Amino acid sequence: MFIELIGTFIAGIAGAGLVMLINHVLRGRLPRWFAPVAAGLAMLLTTISSEYSWFSRTKDTLPEGMVVAQTVESKAFYRPWTYVQPFTERFVAIDTATIQKHPDQPGMKLAQAYFFGRWAPVNKLPVLTDCAEGRRAALADGIAFEKGGAVTGAQWVTSSKDDPIISTICGAG
């Protein structure tokens, strides 16, 4: 965040400096207000570029085996350009390299889900998926595994078969 802020300030200084250089070449023919406007536009364009490139930059740094399962796009009235092209603000990645299966429950898979958000820390959550029933549960306190692989205390979320998290986990491994 701090690096992006510094980059935005540098873009503003560069935008104003470029207009001042052009004004010097034109021997002062540009209006005086043009330099601050150019600085503001350069800062705004840098911020927009940073917002739109965040997802691809973050996705490119994921380790091998991490698959993006779901993305959340954002639109906001104070960002009118997002109505033309929304940007990805959050996404869920599944670590397919470490998916675990239980021999007594072949339809169940345990995976690590990572929740990424712009300006937010990464959150990790183990997710148990019942591929046969099309449901998933976040493993939290109060979950117990019985003999034979039965799960008690889980708050199952039933979804359609095309749920991106369930299909990513069940389709891997």
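## Nonpolar surface patch

In this predicted model, Phe2, Ile3, Leu5, Ile6, Phe9 and Ile10 make a nonpolar surface patch of about 640 Å². Patches are made of residues with over 30% relative accessible area and no salt bridge, with like charges joined within 9 Å and nonpolar side chains (Val, Leu, Ile, Met, Phe, Trp, Tyr) within 5 Å. A salt bridge is a side-chain nitrogen of Lys or Arg within 4 Å of a carboxyl oxygen of Asp or Glu. Accessible areas come from the Shrake-Rupley method with a 1.4 Å probe, and for residues only the protein chains shown count as cover.

Ile3 lies in helix α1 (residues 2-25). Its relative accessibility of 68% makes Ile3 exposed (exposed is over 50%, buried under 20%, partly exposed in between; 1.4 Å probe, protein chains only).

## Overall architecture

The protein holds 3 helices and 9 strands, in the order α-α-β-β-β-β-β-β-β-β-β-α along the sequence. The radius of gyration is 24 Å, well over the 16 Å that the globule rule gives for 173 residues, so the protein is more spread out than a compact globule. This radius is taken over C-alpha atoms, and the globule rule is 2.2 Å times the number of residues to the power 0.38. Helices (H or I, at least four residues) and strands (E, at least two) are DSSP runs, numbered from the N terminus.

The C-alpha trace spans about 85 × 30 × 25 Å along its principal axes. Of the 173 residues, 34% count as buried.

## Strand pairing

Strand β4 (residues 105-117) pairs with β5 in the antiparallel sense over 9 bridges; two strands pair if DSSP finds at least two bridges between them. Gln112 stands opposite Pro126 of β5. The hairpin of β4 and β5 has 2 residues between the strands, and Trp119 takes a positive phi near 65° there.

β5 also pairs with β6, in the antiparallel sense over 4 bridges. Leu128 has Ala137 in β6 as its bridge partner. With 4 residues between the strands, this second hairpin includes Gly134 at a positive phi near 70°.

## Disulfide

The structure holds 1 disulfide (a pair of cysteine sulfur atoms within 2.5 Å), which joins Cys131 to Cys170 with an S to S distance of 2.0 Å. The pair links distant parts of the chain, 39 residues apart: Cys131 sits in the loop between β5 (120-130) and β6 (135-138), and Cys170 in helix α3 (residues 164-171). The S-S torsion is about -100°, so the disulfide is left-handed. Cys131 is partly exposed at 22% relative accessible area, and Cys170 is partly exposed at 25%.

## Basis of the values

Residues are numbered from 1 along each chain as its sequence is written, and side-chain values use heavy atoms, with hydrogens and water left out. Because this is a predicted model, local features need pLDDT of at least 70 and side-chain atom pairs count only at pLDDT 80 or more, while totals for chains, interfaces and linings use all residues.
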